[in-house]
Amino acid sequence: PVLVVDFGAQYAQLIARRVREAKVYSEIVPHTMPVAKMLEKDPAAIILSGGPSSVYAEGAPSIDAEIFEAGIPVLGICYGFQTMAAALGGKVGRTGTREYGHTDTKVESESCLFAGTPLDQSVWMSHGDAVQAAPEGFQVTASTKETPVAAFEDPARKLYGLQWHPEVKHSPFGQKALENFLYEGAGLEPTWTSGNIIDEQVEKIRAQVGDKQVICALSGGVDSSVAAALVHKAVGDQLTCFFIDHGLLRAGEREQVEQDYASSMGIKVVTIDESKRFLDALAGVSEPEAKRKIIGREFIRSFEAAQRQLLAEAGDNAKDIEFLVQGTLYPDVVESGGGEGTANIKSHHNVGGLPDDLTFELVEPLRDLFKDEVREIGRQLGVPEKIVARQPFPGPGLGIRIIGEVTFDRLETLRAADLIVREELTAAGMDEEIWQCPVVLLADVRSVGVQGDGRTYGHPIVLRPVSSEDAMTADWTRLPYDLLARISNRITNSVEEVNRVVLDCTSKPPGTIEWE
Ligand code: XMP
(Lines give C-alpha, C1' and ligand atoms only; values in the text may rest on other atoms or scores of the structure.)
Protein backbone atom coordinates (compact mmCIF):
# COMPACT_ATOMS: atom_id res chain seq x y z
CA PRO A 1 0.00 0.00 0.00
CA VAL A 2 0.77 3.69 -0.03
CA LEU A 3 0.79 4.68 3.65
CA VAL A 4 -0.72 8.03 4.59
CA VAL A 5 0.77 9.02 7.94
CA ASP A 6 -1.83 10.99 9.89
CA PHE A 7 -0.41 13.94 11.81
CA GLY A 8 -3.79 14.78 13.28
CA ALA A 9 -5.27 16.85 10.50
CA GLN A 10 -8.66 16.17 9.01
CA TYR A 11 -6.86 15.88 5.70
CA ALA A 12 -5.44 12.35 6.02
CA GLN A 13 -8.62 10.64 4.81
CA LEU A 14 -8.89 13.04 1.92
CA ILE A 15 -5.31 12.29 0.90
CA ALA A 16 -5.99 8.55 1.08
CA ARG A 17 -9.05 8.99 -1.13
CA ARG A 18 -7.20 11.05 -3.70
CA VAL A 19 -4.49 8.40 -3.90
CA ARG A 20 -7.17 5.82 -4.58
CA GLU A 21 -8.76 8.08 -7.19
CA ALA A 22 -5.38 7.77 -8.88
CA LYS A 23 -6.09 4.01 -8.73
CA VAL A 24 -3.41 3.22 -6.18
CA TYR A 25 -4.33 1.49 -2.91
CA SER A 26 -3.71 3.56 0.23
CA GLU A 27 -4.03 3.09 3.99
CA ILE A 28 -4.00 5.56 6.87
CA VAL A 29 -1.65 5.00 9.82
CA PRO A 30 -1.18 7.21 12.88
CA HIS A 31 2.10 9.08 13.26
CA THR A 32 2.57 7.27 16.56
CA MET A 33 3.09 3.96 14.75
CA PRO A 34 6.79 2.99 15.01
CA VAL A 35 8.61 3.26 11.69
CA ALA A 36 9.58 -0.42 11.90
CA LYS A 37 5.87 -1.34 11.94
CA MET A 38 5.18 0.92 8.99
CA LEU A 39 7.96 -0.80 7.08
CA GLU A 40 6.46 -4.20 7.92
CA LYS A 41 3.49 -3.17 5.78
CA ASP A 42 5.91 -3.04 2.86
CA PRO A 43 4.77 0.39 1.69
CA ALA A 44 5.22 1.29 -1.97
CA ALA A 45 5.33 4.94 -0.97
CA ILE A 46 4.64 7.09 2.08
CA ILE A 47 2.75 10.38 2.33
CA LEU A 48 3.07 12.54 5.43
CA SER A 49 -0.14 14.52 6.03
CA GLY A 50 -0.68 18.02 7.29
CA GLY A 51 -1.30 18.62 10.98
CA PRO A 52 -2.24 21.32 13.45
CA SER A 53 1.08 21.68 15.33
CA SER A 54 4.30 23.62 14.90
CA VAL A 55 7.27 21.33 14.29
CA TYR A 56 9.34 23.11 16.89
CA ALA A 57 6.62 23.21 19.57
CA GLU A 58 7.18 21.03 22.60
CA GLY A 59 5.57 17.60 22.19
CA ALA A 60 4.92 18.22 18.49
CA PRO A 61 4.33 14.97 16.60
CA SER A 62 7.34 13.87 14.60
CA ILE A 63 8.53 10.86 12.73
CA ASP A 64 11.78 8.98 13.06
CA ALA A 65 14.25 10.13 10.38
CA GLU A 66 14.97 6.50 9.45
CA ILE A 67 11.77 6.63 7.38
CA PHE A 68 13.64 8.80 4.90
CA GLU A 69 16.51 6.33 4.63
CA ALA A 70 14.57 3.18 3.77
CA GLY A 71 14.69 3.86 0.04
CA ILE A 72 10.90 4.31 -0.03
CA PRO A 73 9.53 7.32 -1.93
CA VAL A 74 8.14 9.89 0.53
CA LEU A 75 5.93 12.92 -0.09
CA GLY A 76 5.51 15.42 2.75
CA ILE A 77 2.48 17.72 2.68
CA CYS A 78 2.22 20.93 4.75
CA TYR A 79 3.14 19.84 8.28
CA GLY A 80 4.58 16.65 6.77
CA PHE A 81 6.71 18.81 4.48
CA GLN A 82 8.01 20.78 7.44
CA THR A 83 8.71 17.67 9.55
CA MET A 84 10.64 16.24 6.65
CA ALA A 85 12.65 19.44 6.28
CA ALA A 86 13.40 19.57 10.01
CA ALA A 87 14.36 15.88 10.20
CA LEU A 88 16.81 16.16 7.31
CA GLY A 89 18.63 19.26 8.50
CA GLY A 90 16.61 22.04 6.89
CA LYS A 91 15.28 25.07 8.74
CA VAL A 92 11.65 25.62 9.75
CA GLY A 93 10.33 28.75 11.43
CA ARG A 94 7.55 31.24 11.77
CA THR A 95 7.47 33.70 8.91
CA GLY A 96 5.25 36.22 10.64
CA THR A 97 2.66 36.09 7.90
CA ARG A 98 0.10 33.36 7.52
CA GLU A 99 -0.86 32.18 4.09
CA TYR A 100 -4.40 30.90 3.90
CA GLY A 101 -6.49 30.03 0.85
CA HIS A 102 -5.76 30.54 -2.84
CA THR A 103 -2.13 31.54 -3.33
CA ASP A 104 -0.26 32.35 -6.53
CA THR A 105 2.76 30.13 -6.96
CA LYS A 106 5.66 29.85 -9.38
CA VAL A 107 6.87 26.33 -10.05
CA GLU A 108 10.01 24.98 -11.73
CA SER A 109 9.66 23.26 -15.07
CA GLU A 110 12.40 20.78 -14.17
CA SER A 111 10.37 19.15 -11.45
CA CYS A 112 8.86 15.74 -11.05
CA LEU A 113 5.77 16.91 -9.15
CA PHE A 114 4.91 19.76 -11.52
CA ALA A 115 5.48 18.02 -14.84
CA GLY A 116 2.65 18.86 -17.20
CA THR A 117 1.29 21.77 -15.13
CA PRO A 118 1.56 25.57 -15.74
CA LEU A 119 4.55 27.46 -14.35
CA ASP A 120 2.17 29.94 -12.70
CA GLN A 121 -0.57 28.24 -10.74
CA SER A 122 -2.95 28.78 -7.86
CA VAL A 123 -2.59 26.48 -4.85
CA TRP A 124 -4.46 26.10 -1.54
CA MET A 125 -2.33 27.14 1.43
CA SER A 126 -3.00 26.93 5.14
CA HIS A 127 0.06 27.55 7.28
CA GLY A 128 1.80 29.87 9.72
CA ASP A 129 5.20 28.14 9.78
CA ALA A 130 7.37 27.71 6.74
CA VAL A 131 10.49 25.93 5.57
CA GLN A 132 13.16 28.64 5.51
CA ALA A 133 15.99 26.55 4.13
CA ALA A 134 15.70 23.25 2.29
CA PRO A 135 17.87 20.39 3.57
CA GLU A 136 21.07 19.60 1.74
CA GLY A 137 20.62 17.76 -1.54
CA PHE A 138 17.15 19.17 -2.13
CA GLN A 139 16.20 21.39 -5.00
CA VAL A 140 13.57 24.07 -4.34
CA THR A 141 10.85 23.63 -6.96
CA ALA A 142 8.23 26.23 -6.09
CA SER A 143 7.86 29.54 -4.31
CA THR A 144 5.23 32.13 -3.45
CA LYS A 145 5.53 35.78 -2.44
CA GLU A 146 5.60 34.88 1.27
CA THR A 147 7.17 31.46 1.05
CA PRO A 148 10.44 31.09 -0.83
CA VAL A 149 10.53 27.33 -0.19
CA ALA A 150 7.02 26.18 -1.12
CA ALA A 151 8.08 22.81 -2.55
CA PHE A 152 11.26 20.79 -2.83
CA GLU A 153 12.50 17.48 -4.09
CA ASP A 154 15.49 15.18 -4.10
CA PRO A 155 14.79 12.74 -6.94
CA ALA A 156 17.91 10.70 -6.19
CA ARG A 157 16.54 9.81 -2.74
CA LYS A 158 12.91 9.92 -3.99
CA LEU A 159 11.93 12.51 -1.39
CA TYR A 160 9.37 15.19 -2.23
CA GLY A 161 7.56 17.93 -0.36
CA LEU A 162 4.76 20.46 -0.82
CA GLN A 163 3.83 23.30 1.51
CA TRP A 164 0.28 23.43 0.12
CA HIS A 165 -2.56 20.94 -0.01
CA PRO A 166 -2.72 18.97 -3.25
CA GLU A 167 -5.62 16.88 -1.89
CA VAL A 168 -8.20 19.69 -1.82
CA LYS A 169 -10.13 20.60 -4.93
CA HIS A 170 -9.10 24.25 -4.50
CA SER A 171 -5.62 23.28 -5.77
CA PRO A 172 -6.46 22.79 -9.45
CA PHE A 173 -3.26 20.86 -10.21
CA GLY A 174 -3.14 19.08 -6.86
CA GLN A 175 -4.35 15.73 -8.16
CA LYS A 176 -1.82 15.97 -10.98
CA ALA A 177 0.98 16.61 -8.44
CA LEU A 178 -0.13 13.55 -6.43
CA GLU A 179 -0.26 11.45 -9.58
CA ASN A 180 3.17 12.67 -10.63
CA PHE A 181 4.49 11.59 -7.24
CA LEU A 182 2.80 8.19 -7.42
CA TYR A 183 3.49 7.32 -11.06
CA GLU A 184 6.78 9.13 -11.76
CA GLY A 185 8.32 9.62 -8.31
CA ALA A 186 7.35 6.22 -6.92
CA GLY A 187 6.94 4.33 -10.22
CA LEU A 188 3.52 2.89 -9.25
CA GLU A 189 0.92 1.53 -11.66
CA PRO A 190 -2.78 2.53 -11.56
CA THR A 191 -4.13 -0.95 -10.82
CA TRP A 192 -6.62 -0.28 -7.99
CA THR A 193 -9.77 -0.50 -10.14
CA SER A 194 -13.24 -1.64 -9.17
CA GLY A 195 -12.88 -4.77 -11.30
CA ASN A 196 -9.73 -5.75 -9.44
CA ILE A 197 -11.24 -4.90 -6.06
CA ILE A 198 -14.22 -7.16 -6.78
CA ASP A 199 -12.03 -10.06 -7.92
CA GLU A 200 -9.78 -9.70 -4.90
CA GLN A 201 -12.67 -9.52 -2.43
CA VAL A 202 -14.53 -12.43 -4.00
CA GLU A 203 -11.44 -14.58 -3.58
CA LYS A 204 -10.94 -13.41 0.00
CA ILE A 205 -14.58 -14.13 0.90
CA ARG A 206 -14.41 -17.63 -0.61
CA ALA A 207 -11.21 -18.36 1.30
CA GLN A 208 -12.72 -17.12 4.58
CA VAL A 209 -16.13 -18.75 4.30
CA GLY A 210 -15.41 -22.05 2.55
CA ASP A 211 -18.61 -24.08 2.32
CA LYS A 212 -20.20 -22.64 5.46
CA GLN A 213 -23.39 -20.60 5.60
CA VAL A 214 -23.38 -16.82 5.83
CA ILE A 215 -26.06 -14.48 7.04
CA CYS A 216 -26.17 -10.80 6.28
CA ALA A 217 -27.51 -7.83 8.14
CA LEU A 218 -29.31 -5.90 5.42
CA SER A 219 -30.26 -2.37 6.36
CA GLY A 220 -31.52 -1.23 2.97
CA GLY A 221 -28.61 1.21 2.70
CA VAL A 222 -25.78 1.28 0.19
CA ASP A 223 -23.17 -0.39 2.36
CA SER A 224 -24.98 -3.51 3.45
CA SER A 225 -26.51 -3.91 -0.03
CA VAL A 226 -23.16 -3.82 -1.77
CA ALA A 227 -21.60 -6.05 0.88
CA ALA A 228 -24.43 -8.56 0.32
CA ALA A 229 -24.04 -8.35 -3.46
CA LEU A 230 -20.30 -9.06 -3.14
CA VAL A 231 -20.82 -12.02 -0.84
CA HIS A 232 -23.61 -13.28 -3.09
CA LYS A 233 -21.25 -13.14 -6.06
CA ALA A 234 -18.65 -15.06 -4.04
CA VAL A 235 -20.74 -17.80 -2.42
CA GLY A 236 -24.19 -17.61 -4.06
CA ASP A 237 -26.95 -19.32 -2.09
CA GLN A 238 -24.77 -19.94 0.94
CA LEU A 239 -25.89 -16.39 1.74
CA THR A 240 -29.18 -15.64 3.45
CA CYS A 241 -30.07 -12.01 4.09
CA PHE A 242 -32.11 -10.85 7.00
CA PHE A 243 -33.76 -7.54 7.34
CA ILE A 244 -34.28 -6.66 10.95
CA ASP A 245 -37.21 -4.34 11.52
CA HIS A 246 -35.94 -2.77 14.72
CA GLY A 247 -38.91 -0.46 14.98
CA LEU A 248 -36.61 2.53 14.45
CA LEU A 249 -37.21 2.71 10.70
CA ARG A 250 -38.70 5.51 8.69
CA ALA A 251 -42.18 5.30 7.19
CA GLY A 252 -42.45 2.79 4.33
CA GLU A 253 -38.88 1.58 4.63
CA ARG A 254 -39.53 -2.05 5.39
CA GLU A 255 -41.88 -2.50 2.44
CA GLN A 256 -39.37 -0.79 0.14
CA VAL A 257 -36.52 -3.11 1.14
CA GLU A 258 -38.69 -6.19 0.82
CA GLN A 259 -39.52 -5.21 -2.76
CA ASP A 260 -36.08 -4.08 -3.93
CA TYR A 261 -33.88 -7.04 -3.04
CA ALA A 262 -35.95 -9.98 -4.08
CA SER A 263 -37.04 -8.52 -7.38
CA SER A 264 -34.01 -6.68 -8.70
CA MET A 265 -31.08 -8.42 -7.05
CA GLY A 266 -32.26 -11.99 -6.77
CA ILE A 267 -31.14 -12.12 -3.16
CA LYS A 268 -33.21 -14.05 -0.65
CA VAL A 269 -34.42 -11.76 2.14
CA VAL A 270 -36.17 -12.76 5.35
CA THR A 271 -37.76 -9.95 7.36
CA ILE A 272 -37.89 -10.35 11.11
CA ASP A 273 -39.94 -8.05 13.26
CA GLU A 274 -37.85 -7.33 16.35
CA SER A 275 -39.31 -3.96 17.21
CA LYS A 276 -40.54 -5.08 20.61
CA ARG A 277 -37.09 -6.37 21.57
CA PHE A 278 -35.45 -3.04 20.71
CA LEU A 279 -38.09 -0.82 22.29
CA ASP A 280 -38.04 -2.86 25.50
CA ALA A 281 -34.26 -2.64 25.67
CA LEU A 282 -34.31 1.10 25.03
CA ALA A 283 -36.99 1.87 27.65
CA GLY A 284 -35.82 4.53 30.07
CA VAL A 285 -32.52 5.18 28.24
CA SER A 286 -31.65 8.71 27.09
CA GLU A 287 -27.86 8.76 26.99
CA PRO A 288 -26.68 8.64 23.35
CA GLU A 289 -23.76 6.24 23.73
CA ALA A 290 -25.88 3.94 25.88
CA LYS A 291 -28.56 3.90 23.17
CA ARG A 292 -26.01 3.11 20.49
CA LYS A 293 -24.50 0.26 22.51
CA ILE A 294 -27.94 -1.22 23.21
CA ILE A 295 -28.98 -1.04 19.57
CA GLY A 296 -25.71 -2.63 18.43
CA ARG A 297 -26.11 -5.40 21.00
CA GLU A 298 -29.75 -6.10 20.13
CA PHE A 299 -28.85 -6.31 16.45
CA ILE A 300 -26.54 -9.18 17.21
CA ARG A 301 -29.08 -10.82 19.51
CA SER A 302 -31.62 -10.60 16.70
CA PHE A 303 -29.29 -12.38 14.35
CA GLU A 304 -28.55 -15.05 16.86
CA ALA A 305 -32.28 -15.64 17.10
CA ALA A 306 -32.43 -15.77 13.31
CA GLN A 307 -29.60 -18.28 13.30
CA ARG A 308 -31.46 -20.54 15.71
CA GLN A 309 -34.57 -20.26 13.57
CA LEU A 310 -32.64 -21.20 10.42
CA LEU A 311 -30.95 -24.15 12.11
CA ALA A 312 -34.28 -25.41 13.35
CA GLU A 313 -35.71 -25.15 9.85
CA ALA A 314 -32.72 -26.90 8.30
CA GLY A 315 -33.03 -29.80 10.72
CA ASP A 316 -30.42 -32.58 10.54
CA ASN A 317 -28.80 -31.17 7.39
CA ALA A 318 -28.01 -27.90 9.03
CA LYS A 319 -24.50 -26.78 8.38
CA ASP A 320 -23.26 -24.33 10.89
CA ILE A 321 -24.03 -20.74 10.15
CA GLU A 322 -20.81 -19.21 11.29
CA PHE A 323 -20.47 -15.97 9.40
CA LEU A 324 -22.14 -12.60 9.57
CA VAL A 325 -21.68 -10.00 6.82
CA GLN A 326 -21.34 -6.37 7.83
CA GLY A 327 -21.08 -3.35 5.55
CA THR A 328 -18.42 -1.65 7.64
CA LEU A 329 -16.54 1.03 5.68
CA TYR A 330 -13.03 2.37 6.06
CA PRO A 331 -14.13 5.72 7.55
CA ASP A 332 -16.13 3.81 10.23
CA VAL A 333 -12.98 1.89 11.09
CA VAL A 334 -10.86 5.04 11.26
CA GLU A 335 -13.48 7.09 13.18
CA SER A 336 -14.13 4.33 15.69
CA GLY A 337 -10.47 4.17 16.59
CA GLY A 338 -9.62 1.35 14.18
CA GLY A 339 -7.18 -0.08 16.72
CA GLU A 340 -4.58 2.36 15.41
CA GLY A 341 -4.88 5.19 17.85
CA THR A 342 -7.18 7.77 16.26
CA ALA A 343 -9.73 9.53 18.44
CA ASN A 344 -13.04 7.80 19.16
CA ILE A 345 -15.74 10.33 18.32
CA LYS A 346 -18.88 8.15 18.29
CA SER A 347 -19.20 4.39 18.49
CA HIS A 348 -20.75 3.48 15.18
CA HIS A 349 -23.10 0.65 15.90
CA ASN A 350 -21.49 -1.65 13.36
CA VAL A 351 -18.00 -1.33 14.82
CA GLY A 352 -17.70 -0.09 18.38
CA GLY A 353 -21.01 -1.46 19.61
CA LEU A 354 -20.38 -5.15 19.08
CA PRO A 355 -20.76 -7.24 22.21
CA ASP A 356 -17.84 -9.35 23.42
CA ASP A 357 -19.81 -12.59 23.39
CA LEU A 358 -20.34 -12.46 19.64
CA THR A 359 -20.75 -15.95 18.26
CA PHE A 360 -20.31 -15.08 14.57
CA GLU A 361 -17.15 -14.48 12.66
CA LEU A 362 -17.54 -11.24 10.74
CA VAL A 363 -17.19 -10.93 6.98
CA GLU A 364 -16.48 -7.29 6.19
CA PRO A 365 -15.66 -6.99 2.49
CA LEU A 366 -15.90 -3.17 2.47
CA ARG A 367 -13.66 -2.56 5.47
CA ASP A 368 -10.90 -1.05 3.34
CA LEU A 369 -13.15 1.05 1.11
CA PHE A 370 -14.46 4.58 0.94
CA LYS A 371 -18.10 5.29 0.11
CA ASP A 372 -17.50 6.40 -3.48
CA GLU A 373 -15.58 3.17 -4.11
CA VAL A 374 -18.45 1.17 -2.63
CA ARG A 375 -20.94 2.90 -4.95
CA GLU A 376 -18.74 2.21 -7.95
CA ILE A 377 -18.43 -1.46 -7.03
CA GLY A 378 -22.18 -1.67 -6.43
CA ARG A 379 -22.90 -0.35 -9.92
CA GLN A 380 -20.49 -2.83 -11.41
CA LEU A 381 -22.20 -5.65 -9.48
CA GLY A 382 -25.60 -4.60 -10.82
CA VAL A 383 -27.06 -3.19 -7.60
CA PRO A 384 -29.98 -0.93 -8.68
CA GLU A 385 -29.18 2.77 -8.97
CA LYS A 386 -31.85 3.79 -6.46
CA ILE A 387 -30.04 1.74 -3.80
CA VAL A 388 -26.53 2.75 -4.88
CA ALA A 389 -27.44 6.45 -4.89
CA ARG A 390 -29.41 6.32 -1.65
CA GLN A 391 -28.65 8.91 0.97
CA PRO A 392 -27.06 7.57 4.13
CA PHE A 393 -29.27 6.58 7.05
CA PRO A 394 -27.63 5.54 10.32
CA GLY A 395 -27.91 1.93 11.46
CA PRO A 396 -29.44 2.95 14.83
CA GLY A 397 -32.14 4.68 12.80
CA LEU A 398 -34.59 7.05 14.42
CA GLY A 399 -33.33 5.83 17.80
CA ILE A 400 -30.56 8.46 17.67
CA ARG A 401 -32.85 11.15 16.26
CA ILE A 402 -35.14 11.28 19.26
CA ILE A 403 -33.35 13.34 21.85
CA GLY A 404 -34.49 11.71 25.06
CA GLU A 405 -36.09 8.35 25.68
CA VAL A 406 -37.25 6.40 22.63
CA THR A 407 -40.91 5.34 22.78
CA PHE A 408 -43.35 4.06 20.17
CA ASP A 409 -45.45 7.24 20.23
CA ARG A 410 -42.41 9.47 19.81
CA LEU A 411 -41.27 7.29 16.91
CA GLU A 412 -44.66 7.72 15.25
CA THR A 413 -44.41 11.49 15.67
CA LEU A 414 -40.93 11.58 14.17
CA ARG A 415 -41.91 9.22 11.33
CA ALA A 416 -44.75 11.53 10.33
CA ALA A 417 -42.52 14.63 10.34
CA ASP A 418 -39.67 12.82 8.56
CA LEU A 419 -41.98 11.63 5.79
CA ILE A 420 -43.12 15.20 5.11
CA VAL A 421 -39.52 16.41 4.93
CA ARG A 422 -38.51 13.66 2.52
CA GLU A 423 -41.54 14.27 0.30
CA GLU A 424 -40.92 18.00 0.11
CA LEU A 425 -37.17 17.67 -0.52
CA THR A 426 -37.80 15.24 -3.36
CA ALA A 427 -40.57 17.39 -4.83
CA ALA A 428 -38.24 20.39 -4.76
CA GLY A 429 -35.53 18.41 -6.59
CA MET A 430 -33.09 18.72 -3.66
CA ASP A 431 -32.13 15.05 -3.28
CA GLU A 432 -28.97 15.32 -5.36
CA GLU A 433 -27.88 18.52 -3.72
CA ILE A 434 -28.02 17.40 -0.13
CA TRP A 435 -26.01 14.61 1.41
CA GLN A 436 -28.83 13.79 3.81
CA CYS A 437 -31.30 15.58 6.03
CA PRO A 438 -31.74 14.12 9.49
CA VAL A 439 -35.01 15.12 11.09
CA VAL A 440 -34.70 15.24 14.86
CA LEU A 441 -37.37 15.23 17.56
CA LEU A 442 -36.50 17.11 20.74
CA ALA A 443 -38.65 14.87 22.88
CA ASP A 444 -37.53 16.33 26.20
CA VAL A 445 -38.12 19.92 25.14
CA ARG A 446 -41.50 21.60 25.04
CA SER A 447 -42.40 25.10 24.02
CA VAL A 448 -45.58 27.13 24.14
CA GLY A 449 -47.50 27.80 20.95
CA VAL A 450 -50.89 28.89 19.80
CA GLN A 451 -53.06 27.13 17.27
CA GLY A 452 -56.68 27.80 16.44
CA ASP A 453 -57.96 29.35 19.65
CA GLY A 454 -55.89 27.25 21.97
CA ARG A 455 -52.55 27.22 23.67
CA THR A 456 -50.29 24.33 22.70
CA TYR A 457 -47.35 22.91 24.58
CA GLY A 458 -45.53 20.72 22.06
CA HIS A 459 -42.15 19.55 20.88
CA PRO A 460 -39.77 21.11 18.36
CA ILE A 461 -38.63 19.30 15.22
CA VAL A 462 -35.11 20.10 14.01
CA LEU A 463 -34.20 20.02 10.31
CA ARG A 464 -30.56 19.15 9.70
CA PRO A 465 -29.96 19.38 5.92
CA VAL A 466 -26.26 18.94 5.14
CA SER A 467 -24.00 18.98 2.12
CA SER A 468 -20.90 16.84 2.27
CA GLU A 469 -18.45 14.87 0.19
CA ASP A 470 -17.76 12.10 2.67
CA ALA A 471 -19.54 12.87 5.99
CA MET A 472 -16.18 13.62 7.63
CA THR A 473 -16.86 17.31 7.18
CA ALA A 474 -20.15 18.90 6.20
CA ASP A 475 -21.83 22.24 5.76
CA TRP A 476 -25.50 23.01 6.39
CA THR A 477 -27.42 23.28 3.15
CA ARG A 478 -29.02 26.63 2.36
CA LEU A 479 -32.47 25.30 1.52
CA PRO A 480 -34.80 27.81 -0.21
CA TYR A 481 -36.94 29.75 2.27
CA ASP A 482 -40.21 28.82 0.55
CA LEU A 483 -39.29 25.13 0.80
CA LEU A 484 -38.56 25.56 4.52
CA ALA A 485 -41.88 27.37 4.90
CA ARG A 486 -43.79 24.52 3.21
CA ILE A 487 -42.11 21.91 5.39
CA SER A 488 -42.75 23.91 8.53
CA ASN A 489 -46.42 24.52 7.69
CA ARG A 490 -47.14 20.95 6.82
CA ILE A 491 -45.45 19.55 9.92
CA THR A 492 -47.06 21.93 12.39
CA ASN A 493 -50.47 21.51 10.73
CA SER A 494 -50.52 17.75 10.59
CA VAL A 495 -48.20 16.32 13.26
CA GLU A 496 -50.12 16.61 16.45
CA GLU A 497 -47.32 16.77 19.02
CA VAL A 498 -45.20 19.27 17.12
CA ASN A 499 -45.74 23.03 17.30
CA ARG A 500 -42.35 24.35 16.16
CA VAL A 501 -39.84 23.61 13.36
CA VAL A 502 -36.26 24.84 13.67
CA LEU A 503 -33.27 24.76 11.33
CA ASP A 504 -29.83 23.53 12.40
CA CYS A 505 -27.31 25.88 10.79
CA THR A 506 -24.10 24.31 12.13
CA SER A 507 -21.32 22.90 10.00
CA LYS A 508 -19.32 19.77 10.90
CA PRO A 509 -17.08 20.42 12.71
CA PRO A 510 -18.10 21.62 15.25
CA GLY A 511 -21.45 19.77 15.07
CA THR A 512 -21.67 16.17 13.96
CA ILE A 513 -24.30 15.39 11.32
CA GLU A 514 -26.52 13.40 13.68
CA TRP A 515 -27.52 14.88 17.01
CA GLU A 516 -26.44 11.79 18.97
P1 XMP B 1 -21.94 11.97 12.32
O2 XMP B 1 -23.16 12.18 13.15
O3 XMP B 1 -20.88 11.16 12.99
O4 XMP B 1 -22.43 11.10 11.07
O5 XMP B 1 -21.41 13.25 11.74
C6 XMP B 1 -21.64 10.85 9.95
C7 XMP B 1 -22.43 9.96 9.02
O8 XMP B 1 -22.58 8.66 9.59
C9 XMP B 1 -23.95 8.35 9.77
N10 XMP B 1 -24.00 7.64 11.06
C11 XMP B 1 -24.08 6.30 11.18
N12 XMP B 1 -24.17 5.33 10.27
N13 XMP B 1 -24.22 3.71 11.99
C14 XMP B 1 -24.26 4.03 10.67
O15 XMP B 1 -24.36 3.12 9.85
C16 XMP B 1 -24.13 4.62 12.96
O17 XMP B 1 -24.09 4.29 14.15
C18 XMP B 1 -24.05 5.98 12.54
N19 XMP B 1 -23.95 7.17 13.21
C20 XMP B 1 -23.93 8.16 12.27
C21 XMP B 1 -24.68 9.66 9.73
O22 XMP B 1 -26.02 9.52 9.31
C23 XMP B 1 -23.83 10.44 8.76
O24 XMP B 1 -24.14 10.10 7.41
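Which residues does the UniProt annotation "binding site" cover? That unreviewed entry lists S219, G220, G221, V222, D223, S224 and S225. UniProt positions follow the numbering used here, feature names are shortened, and annotations may be inferred rather than shown by experiment.

## Ground rules

This is a predicted model, where local features need pLDDT of at least 70, side-chain atom pairs count only at pLDDT 80 or more, and totals for chains, interfaces and linings use all residues. Residues are numbered from 1 along each chain as its sequence is written.

## The whole protein

The protein has 14 helices and 21 strands; these are DSSP runs numbered from the N terminus, with helices being H or I of at least four residues and strands being E of at least two. The radius of gyration is 26 Å, close to the 24 Å that the globule rule gives for 516 residues, so the protein is as compact as a globular protein of that length. For the record, that radius is taken over C-alpha atoms, and the rule is 2.2 Å times the number of residues to the power 0.38. Along the principal axes, the C-alpha atoms fill a box of roughly 75 × 70 × 40 Å.

Buried residues make up 44% of the 516. Here, buried means 20 or more other C-beta atoms within 10 Å of the residue's own, exposed means 12 or fewer, and partly exposed is in between, with C-beta atoms placed from the backbone. Of the contacts with a separation of 6 or more, 73% are between residues 24 or more positions apart; a contact means C-beta atoms, placed from the backbone, within 7 Å.

## The annotated binding site

V222 is buried, with 23 other C-beta atoms within 10 Å, and D223 counts as buried with 23 C-beta neighbours inside 10 Å.

Leaving out residues up to four places away in sequence, V222 touches V374, R375, G378, I387, V388 and R390. On that basis D223 is in contact with G327, L329, L366 and V374.

## The annotated active site

For "active site", again from an unreviewed entry, UniProt lists C78, H165 and E167. They're spread over 90 residues of sequence but cluster in space, with a largest C-alpha distance of 11.0 Å.

C78 is in the loop between β4 and α3 and is buried, with 26 other C-beta atoms within 10 Å. Beyond four places in sequence, C78 touches G50, H127, Q163 and H165. E167 is in the loop between β9 and α4 (174-185), and 29 C-beta neighbours inside 10 Å make E167 buried too. Outside its sequence neighbours within four places, E167 is in contact with Y11, L14, I15, R18 and G174. Among these, L14, I15 and R18 are buried residues of α1. Nine of the 10 residues of that helix (residues 12-21) are buried, so α1 is largely enclosed by the rest of the structure.

β5 (residues 91-107) pairs with β6 in the antiparallel sense over 12 bridges, and D104 stands opposite S122 in β6. Axes are lines fitted to C-alpha atoms, for helices over the stretch in contact, with angles from 0 to 180 degrees between N-to-C directions.

## The parallel sheet

Five strands form another open sheet, β12-β11-β10-β13-β14, with parallel pairing. β12 (269-273) and β14 (361-363) are the edge strands, each with a single partner, so one side of each lacks a neighbour in the sheet. Five bridges join β11 (residues 239-245) to β12, and I244 has I272 as its bridge partner in β12. Helix α7 (residues 253-265) lies across β10, β11 and β12, at about 165° to β12.

Notes
Contact = placed C-beta atoms within 7 Å. Pairing = 2+ DSSP bridges.
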